[in-house]
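Subject: Handover of a structure

Dear colleague,

Please find the structure below, passed to you for your reference.

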Amino acid sequence: MRHIKANRYDDFSLTAAELIMNQLKKKPNSTLGLATGSTPKGMYEQLIKRLIDLSKAVTFNLDEYVGIASDHPQSYRSFMEDNLFQHIRVGQTLIPDGEAANLTLECERYEQLIKQHGGIDLQVLGLGHNGHIGFNEPGTPFSSRTHVVDLAETTRKANARFFNSLDEVPKKAITMGIETIMEAEQIILLVYGEDKQEAVSRMLQGEVDEQFPASILHEHSNVTLLSGGVKVLN
């Protein structure tokens with residue numbers, strides 16, 4: 001696992017954007033796995049400033065809430081439109097349908113779409129305080145594929161700042177599974193902020209344990225951990 005450190009959020013975001021741009025220089029028609037949340041917002045801002053062209057690329061988002069419409073202001077579809085897609089040239093942008101009548105079939109459909117596009121070339125991830133990647137909470141089998149999850153209370157509370165109250169935060173989501181994520185050719189793990197120090201330290205310990213889902217990334221051959229604003233020893 002390669003570890004890149006940044007102090008300022010602007011530097012962190014630019015470095016992340018450059019990793020995306022380098023992938024697209026090598027392969028303009030890359031299949032990209034994208035993430036939402038406050039951490040990658042700066043990365044998307046940098047990509048917009050540099051007029052990134054995704055017209056030949058295909059994007060797959062990690063996850064989507066269950067039970068809210070795609071045009072809901074807090075859906076991940078809305079997040080991606082507001083923070084990236086509507087500002088640049090894009091090709092096919094794929095996000096799970098959290099309103100699907102049959103969620104099991106929707107998960108299977110999403111998996112098939114990823115396979116039809118040859119898998120993910122570069123996957124962007126964030127790191128939860130409890131080690132979750134995507135919405136794969138502690139205890140999720142490393143063999144999991146795209147599936148419906150019950151969101152941990154800690155995860156819902158962390159996301160409550162985006163809603164009017166905790167009661168409005170959905171209790172379920174569709175997420176790419178851990179095995180799905182691990183099949184990506186390259187993975188970028190973005191971690192920013194002092195509140196993530198404990199999670200980063202545990203990540204760097206290297207002990208692989210399903211109770212800390214991100215630990216499985218040590219078994220991937222091409223992972224870049226990009227950390228910022230976090231004091232770590234290595």
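At 8% relative accessibility, Glu 111 counts as buried, a term that stands for under 20% relative accessible area, with exposed meaning over 50% and partly exposed in between (1.4 Å probe, protein chains only). The model is a predicted one, in which local features need pLDDT of at least 70 and side-chain atom pairs count only at pLDDT 80 or more, while totals for chains, interfaces and linings use all residues. Residues are numbered from 1 along each chain as its sequence is written, and side-chain values use heavy atoms, with hydrogens and water left out.

Salt bridges

Side chains of opposite charge can pair when their charged atoms come close. A salt bridge here is a side-chain nitrogen of Lys or Arg within 4 Å of a carboxyl oxygen of Asp or Glu. The structure contains eleven salt bridges.

One of them joins Glu 111 to the side chain of Arg 145, at 2.9 Å from N to O. This pair links distant parts of the chain, since Glu 111 belongs to helix α4 and Arg 145 to the loop between β6 (122–126) and β7 (147–150), 34 residues apart. Helices (H or I, at least four residues) and strands (E, at least two) are DSSP runs, numbered from the N terminus. Arg 145 is partly exposed, at 23% relative accessibility.

Arg 145 also forms a salt bridge with Glu 179, where the closest N and O atoms are 2.9 Å apart. Glu 179 lies in helix α6 (residues 178–182) and Arg 145 in the loop between β6 and β7, so this pair ties together parts that are 34 residues apart in sequence. Glu 179, at 32% relative accessibility, counts as partly exposed. Through shared partners, salt bridges join Glu 111, Arg 145, Glu 179 and Glu 183 into one network.

Within helix α4 (residues 103–116), Glu 106 and Arg 109 lie three residues apart, about one turn of the helix. These two residues form a salt bridge, with 2.8 Å between the closest N and O atoms. Glu 106 is buried at 7% relative accessibility, whereas Arg 109 is partly exposed at 38%.

Helix α3

Six of the eight residues of helix α3 (residues 76–83) are buried, so this helix is largely enclosed by the rest of the structure. The buried residues are Tyr 76, Arg 77, Ser 78, Phe 79, Met 80 and Asn 83. Among the elements that cover them are β3 (53–61), β5 (89–94) and α5 (153–159).

Yours sincerely

Key:
Contact = heavy atoms within 4.5 Å.
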